[in-house]
Amino acid sequence: MSVADNFTDFYSGTSFVFRMAVDEYNSERNWTGLIDRYWLIVEELIADPRAKQLPFMDNPLPTLGMVICYLLWVLLIGPMYMRDRKPMDLRRVIIFYNLFQVLLSGYMFYEHLMAGWVRGYSLTCQTVDYSDSPLSRRMFNLCYVYYLSKLSEFADTVFFVLRKKQSQITDLHVYHHSLTPIEAWILTKFIAGGNATLPNVINNFVHVLMYFYYMLSAMGYKIWWKKYMTEVQIIQFVICIAHCINALATGCPFPRFITTLLLINASIFLALFMNFYIESYKRKSKSATAKVSAEASKPGLESTKEVSGVQELPPVEALPPTEPEKISHLRKEDGPEIIPLEDINNNDSRTVLESEKKPLEVCPTDAKEGAPEGEAKGTVEDGSVEPVQQPHQQDTTGLRQRIVSNEAAERDAWTGPTKTVELASG
């Protein structure tokens, strides 16, 4: 059996390895020697010999170690480190990081097409080419770059932790970023080509759109097609599931074990993304619609007033129009006259009796001429002034006009127009 020549009889190879492992265990050797011998058998039997000289490809321990460090940072070390610190401003770093991922994903998408999927690969069934031909080598190198790109995507979660965006670190996010490096390692180590690379092609195309969206968001743009990004990712997994089912149903010589693993993995991702889509968009939209309809159905609900940025103060209430009439009526009575006075500082009105008023002073020249007291009245009653019985009579016409105009101005002040004041809010 030559499994390494064409990796199609995976079931026979795994059965052979399992039987040898059981025999080694029954030979009472220690566990360390058993694991070493088992790994050598795997290396010699089914591993791609081209992967032995590449970094991190000799055994899975480096990759598993990086995944464990990633989980420790995301779930324990990172939150503890940032607990008493302010979120870091990484906007520029994130912009350049997303630009790098857009360019890298675009390059890998182009290389996947040029290395096989537009150069003779079958969409229904494609086995792995382990030869050293230019296209086979090109596809193998691309699979290794794909593996390294999954390690670089650990930075997505690291940025979330440093910016204290814990709500973005969901179970789906952690599961995806911790599992894909292991998948990419298996791809490069054992099956660098064939049917297993179709999900990579679609994934590269989706990542071009996704990281371009992240880059625009970091630059401050409002993107309207976020919802459709999740729908594209769901379509990606539906295509992968259909492709795996077709390979299993038609008896494609691609390893059935790997095809089954790809089918299970795509189904898990489809369920997680569907749950995320429903939680993020469908239920939120339904709850928002129900809330609006409930508020609209409330009895006596007043229509919402548009806010223009200007605060309207209540209108100044005018004094009752009957107040001046009462004052003028009191003036006509025989009692003492009541005149409204206004305090400019306090803006309130009060009344004074006639007895509180000062009498008009007599011209000094008249007093010198010996005018008898009591012949001139210096008070004003009913808006008129009595003439003084003197040889030289004082002209009171101007005084009468000033008093009448003052009374008219006071009446206008009492019955002034109502005004509305607008205060611009800060």
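I start with F56, which is partly exposed at a relative accessible area of 36%. On that scale, buried means under 20% relative accessible area, exposed means over 50%, and partly exposed is in between, with a 1.4 Å probe and protein chains only.

Before going on, a word on the source. This is a predicted model, in which local features need pLDDT of at least 70 and side-chain atom pairs count only at pLDDT 80 or more, while totals for chains, interfaces and linings use all residues. Residues are numbered from 1 along each chain as its sequence is written, and side-chain values use heavy atoms, with hydrogens and water left out.

Back to F56. This residue is found in the loop between α2 (31-45) and α3 (61-82). Its phi is positive, about 70°, although F56 is not a glycine. For background, most residues other than glycine have a negative phi. K164 is another residue other than glycine with a positive phi, near 60°. Where is K164 in the chain? K164 lies in the loop between α6 and α7 (171-190). At 36% relative accessibility, K164 counts as partly exposed.

Now the chain as a whole. It has 13 helices and 4 strands. Helices (H or I, at least four residues) and strands (E, at least two) are DSSP runs, numbered from the N terminus. Of the 426 residues in the chain, 34% are buried. Contact here means heavy atoms within 4.5 Å. Among contacts in the chain between residues at least 6 apart in sequence, 72% join residues at least 24 apart.

Next, two helix pairs. Helix α4 covers residues 91-117 and helix α6 covers residues 154-162. They pack at an angle of about 165°, and their axes are 12 Å apart. The axes are lines fitted to C-alpha atoms, for helices over the stretch in contact, and the angles run from 0 to 180 degrees between N-to-C directions. Are α4 and α6 roughly parallel or roughly antiparallel? They are roughly antiparallel to each other. The classes are roughly parallel for angles under 35 degrees, roughly antiparallel over 145, roughly perpendicular from 65 to 115, and oblique for the rest.

The crossing of α4 past α6 is left-handed, a term for a near helix turned anticlockwise from the far one by less than a right angle; clockwise would be right-handed. On the α4 side the contact is made by V93, I94 and Y97, and on the α6 side by A155, D156 and F159. Sorted by type, these residues are 5 nonpolar, no polar and 1 charged. Ala, Val, Leu, Ile, Met, Phe, Trp, Tyr, Cys and Pro count as nonpolar, Asp, Glu, Lys and Arg as charged, and the others, Gly among them, as polar.

The second pair on my list is α5 and α7. Their packing angle is about 165°, with the axes 9 Å apart. These two helices are therefore roughly antiparallel, and α5 passes α7 in a left-handed crossing. Residues of α5 in this contact include F140, C143, Y144 and Y147, and those of α7 include P181, A184, W185 and L187. The contact divides into 10 nonpolar residues, 2 polar and 1 charged. C143 counts as buried, at 0% relative accessibility.

C125 is joined to C252, with an S to S distance of 1.8 Å. The torsion about their S-S bond is about 80°, so the disulfide is right-handed. The pair links distant parts of the chain, 127 residues apart: C125 is in the loop between α4 and α5 (134-152), and C252 in the loop between α9 and α10 (256-296). C125 is partly exposed at 23%, whereas C252 is buried at 7%.

C240 counts as buried, with 7% relative accessibility.

Last, M219. This residue sits in the loop between α8 (198-218) and α9 (226-249). Leaving aside neighbours within four places in sequence, M219 is in contact with R91 and I95. M219 and I95 are 124 residues apart along the chain, and their C-alpha atoms are separated by 6.9 Å.

Conventions: A disulfide is a pair of cysteine sulfur atoms within 2.5 Å.
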